[in-house]
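Biologist: Please show me the sequence and the structure. I will then ask how each label was reached.

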Amino acid sequence: MNLSKLLSVVQASNISNKGDPDISSVVEDSNNVIPGALFAARRGLVSGGHEFIPSALDNGAAAVVGELPFAKVCEWFDESNVPYIQVDTSTRALSWCAAALRKFPSRNLVMIGVTGTDGKTTTCNIIHSILSAAGIRTGLITTVNAVIGDETKDTGFHVTTPDAVVLQDLLEQMVDTGMTHCVIEVTSHGLVQHRVSACEFDIAVLTNITHEHLDYHGTLESYMNAKSLLFDQVGATTSKPEINKLAVLNYDDEQSYSFIKNKLNTHLVDYGIESQSIVKATNVSIHEGNTSFDVKIGEDCFPVETVLVGQYNISNCLAAIAASYNGLDIHPEHIQAGIASLERIPGRMEYINIGQDFEAVVDFAHTPNSLRELLVSVRKITNGRIIVVFGSAGLRDVAKRSWMGSIAAEFADFTVITAEDPRTESLSDIMAEIASGCEKMGGIESKTFCKIPDRADAIRFAVRMAVSGDIVLACGKAHEQSMCFGSIEYPWDDRMAMYAAVAERLGMKADYPPNLPTSEAEN
């Protein structure tokens, strides 16, 4: 596509070294630049992308988008006639240019975005299962995987929405393979960083907003504002006037409900448990192996049963039902079938069972709210002790560490504090902060909690102390396939570690994940 045509979707404040080269790709990593590429240089949190402009030019960039005035970068263009386009936000330009190069694939899809602090992945999978049960060809993009037709791709994303180029490529593949709908898990980072700006959403779903990512957003209000951007996009989407636009909010999450509702410029449907919401759950029954409830929407009422356990998963189901029934006119029998056929989601209350007389579970709970919800739900389905293993990430929200320790001390019987992506922080300091929260709730080290830095050893310890009827929970990593020490991602899999610990307990062959550099991270 000619640069001039590509720039029709970008609000450029200035264009220097004017020319109209053919653009074959859009990239934000100078190492990935090939001849014909448009390089998007952006201001970074650590280092700015503008300093990589010379590398991009050396690699054959046909044009450069940046946020600095040309006078600040002109020396790098002295021997080149490559156009430089100044914009307010390079990431937004990158998103729209990537979409334009692929002929705006989201305009050929009914786009459903799911955001929130907890429950996004699960809700996305429920919606996908419902639409599939209704015979609708639907693509799926979450932090766990991407599903396009019969193909499942391991995204490998570390808890975030993919970058704009990857995202538009996945959407293009969906259109090319005959998909008509797409469900995307949308993170606050993905919204603020404009990764989803060119997705042109039709339905926006909010699960909840709780304490998380304040290291990045600064305040809870800023975090909620970031989430509200998804609903702004739905209200602004005009490319598909034949599709009704809808906002789906959690009536039970009072703070986020009021905050987002007051900002809406599109139709609202809310959901809740035993509430005054439009979509509500009644006659709730939660057991160890399944959850059942009745859904009431106006005059319609129908039963739902799922293998997903816990009250929080009822909320996730209701969010998916509201999007499907109220947003897409899906018949109740397809909703029932889609939810009933959904298997457990990787890393979400994922049971590891090889014949032991206690339960071993891996779950992604990594926020105060999700940890509390998990422990409260598990307490209702077990008569034994709850032994929970978790940590807290380095260079992330510090305030939640002590808070999560207090929650574990209140709702679990024994807590094992361990590593979870310490990055460049002292692992010992992180664990001490969690331990302080345990102590605030009356926890006593070695009696109700302990600190074991190596995560494999921590899970092994928890499994060894379990007796018949107990449940061991490893929280915080779930489906993720790496753990960050320093600036390096090391291979890691909680499910593999839990399986190995249980197998070892039963006298079977045990293959643990590769060793982590835990001792180096303690100081």
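Biologist: Why is Glu-480 called buried?

Modeller: Buried means under 20% relative accessible area, exposed means over 50%, and partly exposed is in between, with a 1.4 Å probe and protein chains only. Glu-480 has 5% relative accessibility, so Glu-480 counts as buried. This is a predicted model, in which local features need pLDDT of at least 70 and side-chain atom pairs count only at pLDDT 80 or more, while totals for chains, interfaces and linings use all residues. Residues are numbered from 1 along each chain as its sequence is written, and side-chain values use heavy atoms, with hydrogens and water left out.

Biologist: What makes the contact of Lys-477 and Glu-480 a salt bridge?

Modeller: A salt bridge is a side-chain nitrogen of Lys or Arg within 4 Å of a carboxyl oxygen of Asp or Glu. For Lys-477 and Glu-480 the N to O distance is 2.7 Å, so the pair meets the definition. Lys-477 has a relative accessible area of 0%, so Lys-477 is buried as well.

Biologist: How do you know that Arg-385 and Asp-470 form a salt bridge, and what does the pair tie together?

Modeller: Their side chains come to 2.8 Å, N to O. Arg-385 lies in the loop between helix 13 (368-381) and strand 19 (386-390), and Asp-470 in the loop between helix 16 (455-465) and strand 22 (471-475), so the pair ties together parts that are 85 residues apart in sequence. Helices (H or I, at least four residues) and strands (E, at least two) are DSSP runs, numbered from the N terminus.

Biologist: Which of these two is buried and which is partly exposed?

Modeller: Arg-385 has 30% relative accessibility and counts as partly exposed. Asp-470, at 2%, counts as buried.

Biologist: Which other salt bridges are there, and how many in the whole structure?

Modeller: A search of the whole structure finds 19. One of them joins Asp-493 and Arg-495 at 3.5 Å, N to O, and both of these residues are buried. Asp-457, Arg-460, Arg-464 and Glu-504 are linked in a network of salt bridges.

Biologist: Why is strand 18 described as largely enclosed?

Modeller: Four of the five residues of strand 18 (residues 359-363) are buried, so strand 18 is largely enclosed by the rest of the structure.

Biologist: What makes strand 17 and strand 18 a pair?

Modeller: Two strands pair if DSSP finds at least two bridges between them. Strand 17 (residues 350-351) and strand 18 are joined by two bridges and run antiparallel, so they qualify. Glu-350 stands opposite Val-362 in this pairing. Strand 18 also pairs with strand 22, in the parallel sense and over five bridges. There, Val-362 has Ala-474 as its bridge partner.

Biologist: Why are strand 1 and strand 2 called edge strands?

Modeller: Five strands form an open sheet with mixed pairing, in the order 1-5-4-3-2. Strand 1 (12-16) and strand 2 (25-27) each pair on one side only. Within this sheet, strand 3 (residues 37-40) and strand 4 (residues 63-66) run parallel and share three bridges, with Val-65 as the bridge partner of Ala-40.

Biologist: What is the order of the strands in the sheet of 11 strands?

Modeller: The order is 9-8-7-10-6-11-12-13-14-15-16, in an open sheet with mixed pairing. Its edge strands are strand 9 (151-154) and strand 16 (300-306), each of which pairs on one side only. Seven bridges join strand 15 (residues 291-297) to strand 16, and the two run antiparallel. Among the partners, Ile-297 is bridged to Asp-300.

Biologist: Why is Thr-415 called buried, and what does Thr-415 touch?

Modeller: Thr-415 has a relative accessible area of 1%, so Thr-415 is buried. Thr-415 lies in strand 20 (residues 414-417). Contact means heavy atoms within 4.5 Å. Not counting residues up to four places away in sequence, Thr-415 touches several residues, including Val-388, Phe-390, Cys-438 and Phe-449.

Biologist: Buried, exposed or partly exposed: which label does Met-508 get?

Modeller: Met-508 has 40% relative accessibility, so Met-508 counts as partly exposed. Met-508 sits in the loop between helix 17 (494-505) and helix 18 (518-521).
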